[in-house]
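Colleague: I am new to this structure. Please take me through one part of it closely, and then show me how that part ties in with the rest.

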Amino acid sequence: MNEKIIGVSLRITSAENYKEIRDSISHDLVLFLQKLNLIPILIPNVISNIPEFLNEVNISGIILSGGDNLGDYPLRDESEIKILDYAISKKIPTIGICRGMQVINSFFGGKTKRSGNTTHVSSSHKIELTERSFFDNQRTIIVNSYHNNIINSNCIGKDLIPFAYSKLDDTIEGFTHNEFPITGVMWHPERKPTDESSELFKKIFK
């Protein structure tokens, strides 16, 4: 079946009725990956040696998942920086989803701004694609939106090349790195997946 193992970072959540915090992941991402013959290996935030862990599981790709803002949980921020460091050192295909894209942008010296555009949150909208996009012969697609944080041309990180834009507020919806196999998207491909969602992941983890 030619299945590939994909390491997935985890968000941190509080457990109702328990005085503890937990790592978690949405079911839709796991279900989406399985349909593409991608096997998710979850990367706990409390692993003491993330590079050693990733070496042992022999991953073929990495997903920096969505949820939370940068700075909400420093432990998660630190874990994902280590994961990204590892991905770069091994040149492992990596995609950052929403928050994950923001992590990548910050890693390369960029910043995230707060959006004042209420039409950008919890609604589908059209994005414009460049010739560098993952979508053959398409110049626009419709994507979902669950974020108040935005990245524009004034705050994008070094060597990150945009391939998708939103004209709603002149923001960057997708980028790739100029040297490493790293991609970021501000939408959630795993939520109500489209043909474009599958195409994106197939090309990144080919």
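Modeller: Gly-109 follows helix α4 and has a positive phi, near 90°. Helices here are DSSP runs of H or I with at least four residues, strands are runs of E with at least two, and both are numbered from the N terminus. This is a predicted model, in which local features need pLDDT of at least 70, side-chain atom pairs count only at pLDDT 80 or more, and totals for chains, interfaces and linings use all residues. Residues are numbered from 1 along each chain as its sequence is written, and side-chain values use heavy atoms, with hydrogens and water left out.

Stay with α4. Seven of its nine residues are buried, so the helix is largely enclosed by the rest of the structure. Buried means under 20% relative accessible area, exposed means over 50%, and partly exposed lies in between (1.4 Å probe, protein chains only). The buried residues of α4 are Arg-99, Gly-100, Met-101, Gln-102, Val-103, Ile-104 and Asn-105.

What packs against α4? Helix α3 (residues 74–90) packs against α4 (residues 99–107) at an angle of about 70°, and their axes lie 11 Å apart. Each axis is a line fitted to C-alpha atoms, for helices over the stretch in contact, and the angle between N-to-C directions can run from 0 to 180 degrees. α3 and α4 are therefore roughly perpendicular to each other. On this scale, angles under 35 degrees are roughly parallel, those over 145 roughly antiparallel, those from 65 to 115 roughly perpendicular, and the rest oblique.

Now the residues that meet. From α3 come Arg-76, Asp-77, Glu-80, Ile-81, Leu-84, Asp-85 and Ile-88, and from α4 come Arg-99, Val-103, Ile-104 and Phe-107. Contact means heavy atoms within 4.5 Å. Sorted by class, this contact has six nonpolar residues, five charged ones and no polar ones. Nonpolar covers Ala, Val, Leu, Ile, Met, Phe, Trp, Tyr, Cys and Pro; charged covers Asp, Glu, Lys and Arg; the others, Gly among them, are polar.

Asp-77 and Arg-99 form a side-chain salt bridge (2.8 Å, N to O). The two are 22 residues apart and link distant parts of the chain, with Asp-77 in α3 and Arg-99 in α4. A salt bridge is a side-chain nitrogen of Lys or Arg within 4 Å of a carboxyl oxygen of Asp or Glu. Asp-77 is buried, at 18% relative accessible area. Arg-99 is buried too, at 1%. By this rule, the count of salt bridges comes to eight.

Look next at α3. Its 17 residues should span 24 Å at 1.5 Å a residue, and its end C-alpha atoms are 25 Å apart, which agrees. That expected span is 1.5 Å times one less than the number of residues. Its buried residues are Arg-76, Asp-77, Ser-79, Glu-80, Ile-83, Leu-84, Tyr-86, Ala-87 and Ile-88. Just after α3, Lys-91 takes a positive phi of about 55°.

Ser-9 counts as buried, at 1% relative accessibility. Apart from residues up to four places away in sequence, Ser-9 touches Ile-43, Ile-63, Leu-64, Ser-65, Arg-76, Glu-80 and Ile-83.

Compare another part of the chain. Asp-136 and Lys-203 form a salt bridge, with their closest N and O atoms 3.0 Å apart. They are 67 residues apart: Asp-136 is in the loop between β8 (125–129) and β9 (140–143), and Lys-203 is in helix α5 (residues 195–204). Asp-136 is exposed at 52%, while Lys-203 is partly exposed at 27%. Glu-199 also forms a salt bridge with Lys-203, the closest N and O atoms being 3.1 Å apart. Those two residues lie four apart in α5, so about one helical turn separates them. Glu-199 is partly exposed, at 22%.

One last stop in that loop. Asn-137 also lies between β8 and β9. Its phi is positive, about 55°, although Asn-137 is not a glycine. Asn-137 is exposed, with a relative accessible area of 81%.
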